[in-house]
Amino acid sequence: MANRLINEQSPYLLQHAHNPVDWYPWGDEAFVRAKNENKPVLVSIGYAACHWCHVMERESFESEEVAAYMNEHFINIKVDREEHPDVDHLYMDAVQAISGSGGWPLNVFVTPDRVPFYGGTYFPPRPAYSRPSWRQLLQRMLEVWTDKPEEVTAQGQQMIQYLKQASSVGFAARGQDWDMDTCRTIADALLQQADTEWGGFGRAPKFPGTMAISYLLEHYHYTKYEPALSQAMLSLDRMIEGGIYDQLGGGFARYSTDEKWLAPHFEKMLYDNALLVSTLCDAYYVTKRKRYKEVIEETIAFVERELKDPSGGYYSALDADSEGEEGKFYTWTWDEWKEVIGDDELLQKHFGVVEEGNWEHTNILHVAMDIQTLAKETNYFRDELETRIAEARQKLFVAREKKIRPLTDDKCLLSWNALINTALSKAGAALGNSQYIQRAEEHMRWMLDVFLKDGVLLHTWKQDVARIPAKLDDYAYLIQALLQLTSATGDEQWIVRANGLMEVVIRDFAHETGSFFYYSSAAQTDIPVRKVDLYDGATPSANSVMAHNMLWLGVYMERSEWLEQAHHMLRQMSSTASRYAYSFAYWAQLLQRYSQGLKTVICTGVDADKSLELLNEHFLPHASFVASKKEISDVPLVKLKFFSGQSRIFVCTHYECLPPVADVARTLDLLGL
């Protein structure tokens with residue numbers, strides 16, 4: 001028998017729709033009942049591609065006995081963290097304060113007023129890993145609720161105070177100026193955290209760290225500081241060679257469980273692949289390495305093939321599990337390998353396949369021996385090896401397609417769709433690929449059509465239904481994507497659309513101090529504390545992206561107050577970014593670009609498109625472009641810059657536009673190349 005979740009859109013909630021637990025979706029109904037019956041509320045948060053979420057469901061939430069206890073003593077709510085990231089942020093902060101760590105599944109005990117008083121992550125069905133069993137925890141929470149209500153009240157009040165204070169970190173800090181010496185300090189701080197043998201930052205588990213890698217690439221571009229380039233390339237190369245990269249179908253898994261990037265957590269997320277494409281574009285600009293171009297193309301092909309909705313949007317993720325086993329779709333037993341490839345020692349060496357398996361008695365394909373080394377060892381020509389490996393990849397891919405596929409989380413999130421749109425625009429510009437730019441334009445029209453309803457921007461879409469009010473990252477990433485699309489196409493209409501969205505953010509999300517922005521809108525009343533998102537997680541801080549957006553739109557729309565606010569935000573964050581470079585890497589990128597002198601380039605006249613195309617061949621992260629062939633413009637900066645069809649290029653700073661020039665070479669001089 002199905003529970004209330006059967007009417008939801010989220011694949012994660014639908015996975016739990018036949019649990020014996022009487023789950024509610026997030027909303028007022030559950031909390032009203034909890035208040036009426038004076039019961040504690042369990043808010044259990046996860047997402048469709050989460051392996052340990054599936055494990056806890058099988059062990060506890062599918063148990064009739066456990067479910068009966070939960071239903072009798074608690075009001076139980078299931079939340080898809082990707083549908084309600086604001087709820088997840090709030091309760092994740094609470095659990096991290098309680099336990100010192102967080103993750104998913106996230107299980108939080110809250111009052112009928114939505115105030116958290118205890119929580120944790122995964123709990124086993126029997127005491128293990130120095131943790132109580134789930135049933136023991138439930139019993140303990142019921143005892144506390146029943147016998148010590150004053151403790152619950154006190155804990156809740158303390159938690160609310162903590163969450164409010166944590167949300168305002170950085171506001172009281174005195175801002176300080178910065179320069180390229182500060183940027184070198186940040187680069188060195190990142191290099192101190194770097195794994196100089198296997199790439200990446202820190203120890204296992206290892207996440208891609210795209211913002212940090214992009215920072216190092218930009219730092220090398222501006223300063224020619226060789227250690228920055230070396231670490232950035234090492235990180236990308238090791239990921240591309242590892243099991244975290246799908247050697248057959250393209251695309252990256254979410255993170256690696258080991259330091260060598262061999263054994264990933266096999267879920268594939270849209271946002272990771274979008275950010276990695278963008279970072280690989282930076283790497284291709286700097287190095288022009290063929291392999292980076294290939295991986296960009298392979299990753300975009302994966303996204304188009306496996307994550308694209310027929311309507312034009314992109315799905316959220318592919319699950320880590322299939323047939324109840326993590327990674328089964330992507331790994332190869334010895335017998336499976338032999339059936340497709342046969343006895344080919346050369347291919348075994350290249351892909352690292354061994355009879356006993358290289359991970360849990362099966363094989364994760366990776367580049368164990370590169371083509372150059374193989375050529376030396378075997379006396380084969382490189383071209384011959386490349387052909388042979390490519391043919392093997394195709395055979396293995398065809399065979400893999402016959403396996404049972406992992407679940408697809410087929411909801412489309414605005415924020416993540418905006419990130420892949422930015423990636424498509426960047427790839428189109430970096431690789432000179434007009435098809436990618438055309439896809440970005442079509443996809444942008446799709447986003448503005450399906451997510452924008454009656455003037456209100458919404459967060460999630462599935463099967464022609466958009467719902468849940470948009471959060472700050474939805475707005476921030478969408479405005480950023482519009483600006484990136486402007487630079488790729490030159491089309492100023494996207495600036496006008498971005499400006500309209502910026503006005504909404506200023507109205508509905510601004511913090512009382514006038515500096516930063518809340519993550520949720522002022523109109524939202526279903527969470528007890530509004531959070532201010534300042535540090536990077538798996539994606540860039542929404543506030544840092546808003547600072548980026550205000551810097552460019554402030555120039556385009558001649559809004560000096562936006563430029564001043566963005567500068568104030570950067571000044572307040574400069575010290576924090578210097579001390580905690582990895583967690584504030586996107587802020588660091590903005591600080592570095594600002595130090596180089598941000599520039600806006602307006603190409604006008606009959607050759608405007610050609611000028612734009614030539615400019616996009618160069619790595620210019622501190623510059624933004626627009627091309628105009630119109631005498632009349634809705635963008636203030638572009639007005640009065642059309643000269644009867646003559647080709648002119650204007651380079652503008654925050655304070656002035658330099659005299660126009662007639663050729664791209666002179667423009668590049670003005671941009672510092």
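# Salt bridges, strands and a charged patch

Biologist: What do the side chains of Arg 439 and Glu 304 form together?
Modeller: A salt bridge. The N to O distance is 3.6 Å. Keep in mind that this is a predicted model.

Biologist: Where do Arg 439 and Glu 304 lie?
Modeller: Arg 439 is in helix α18, residues 434-450, and Glu 304 is in helix α12, residues 290-306. The two parts are 135 residues apart in sequence, so the pair ties them together.

Biologist: And is Arg 439 buried, partly exposed or exposed?
Modeller: Partly exposed, because its relative accessible area is 26%, and that class runs between the 20% and 50% cut-offs.

Biologist: How many salt bridges does the count come to?
Modeller: The count is 45 salt bridges. One of them joins the side chains of Glu 82 and Lys 411, at 2.7 Å from N to O. Glu 82 sits in the loop between β3 and α5 (85-99), and Lys 411 sits in the loop between β12 and β13 (412-413). These parts are 329 residues apart in sequence, so here too the pair is a tie between them.

Biologist: Are Glu 82 and Lys 411 buried or exposed?
Modeller: Both are buried. Glu 82 has 3% relative accessibility. For Lys 411 the relative accessible area is 1%.

Biologist: What about Asp 93? Which residue is its salt bridge partner?
Modeller: Lys 531. The closest N and O atoms are 2.7 Å apart. Asp 93 lies in helix α5, while Lys 531 lies in the loop between α20 (493-508) and α21 (542-556). That ties together parts 438 residues apart in sequence.

Biologist: Buried or exposed, that Asp 93 and Lys 531 pair?
Modeller: Asp 93 is buried, with a relative accessible area of 15%. Lys 531 counts as buried too, at 14% relative accessibility. Both values fall under the 20% cut-off, so both get that label.

Biologist: Which residues are linked in a network of salt bridges?
Modeller: Arg 4, Asp 22, Arg 33, Glu 37 and Lys 39.

Biologist: What does β2 pair with?
Modeller: Strand β3, residues 75-80, pairs with β2 in the parallel sense over six bridges. Strand β4, residues 106-110, pairs with β2 in the antiparallel sense over five bridges.

Biologist: Take Leu 42. Which residues does it face in β3 and β4?
Modeller: Asn 76 is its bridge partner in β3. In β4, Leu 42 stands opposite Phe 109.

Biologist: Stay with β3. Is Ile 77 buried or exposed?
Modeller: Ile 77, found in strand β3, is buried at 0% relative accessibility. Tyr 24 is 53 residues away from Ile 77 in sequence, yet their C-alpha atoms are 4.6 Å apart.

Biologist: There's an open sheet of three strands as well. What's the order?
Modeller: β8-β9-β12, with antiparallel pairing. The edge strands are β8 (268-269) and β12 (408-409), and each pairs on one side only.

Biologist: How many bridges join β9 to β12?
Modeller: Two bridges, with β9 covering residues 317-318. Thr 408 in β12 is the bridge partner of Leu 318.

Biologist: Now the surface. Which residues gather in a patch of negative charge?
Modeller: Asp 335, Glu 339, Glu 355 and Glu 356. Glu 339 is in helix α13, residues 334-341.

Biologist: Is Glu 339 buried or exposed?
Modeller: Exposed, with a relative accessible area of 70%. The cut-off for exposed is over 50%.

Biologist: Last one. Where is Ala 430, and is it buried or exposed?
Modeller: Ala 430 is in helix α17, residues 414-431. Ala 430 is buried, with a relative accessible area of 6%.

Biologist: How many Å apart are Ala 430 and Ala 263?
Modeller: The C-alpha to C-alpha distance is 31 Å, and the two are 167 residues apart in sequence.

How values were computed: Residues are numbered from 1 along each chain as its sequence is written. This is a predicted model: local features need pLDDT of at least 70, side-chain atom pairs count only at pLDDT 80 or more; totals for chains, interfaces and linings use all residues. Side-chain values use heavy atoms; hydrogens and water are left out. Patches are made of residues with over 30% relative accessible area and no salt bridge: like charges are joined within 9 Å, nonpolar side chains (Val, Leu, Ile, Met, Phe, Trp, Tyr) within 5 Å. Accessible areas come from the Shrake-Rupley method with a 1.4 Å probe; for residues, only the protein chains shown count as cover. A salt bridge is a side-chain nitrogen of Lys or Arg within 4 Å of a carboxyl oxygen of Asp or Glu. Lys and Arg count as positive and Asp and Glu as negative; His and the chain ends are not counted. The place of a charge is taken as NZ of Lys, CZ of Arg, CG of Asp or CD of Glu. Helices (H or I, at least four residues) and strands (E, at least two) are DSSP runs, numbered from the N terminus. Buried means under 20% relative accessible area, exposed over 50%, partly exposed in between (1.4 Å probe, protein chains only). Two strands pair if DSSP finds at least two bridges between them.
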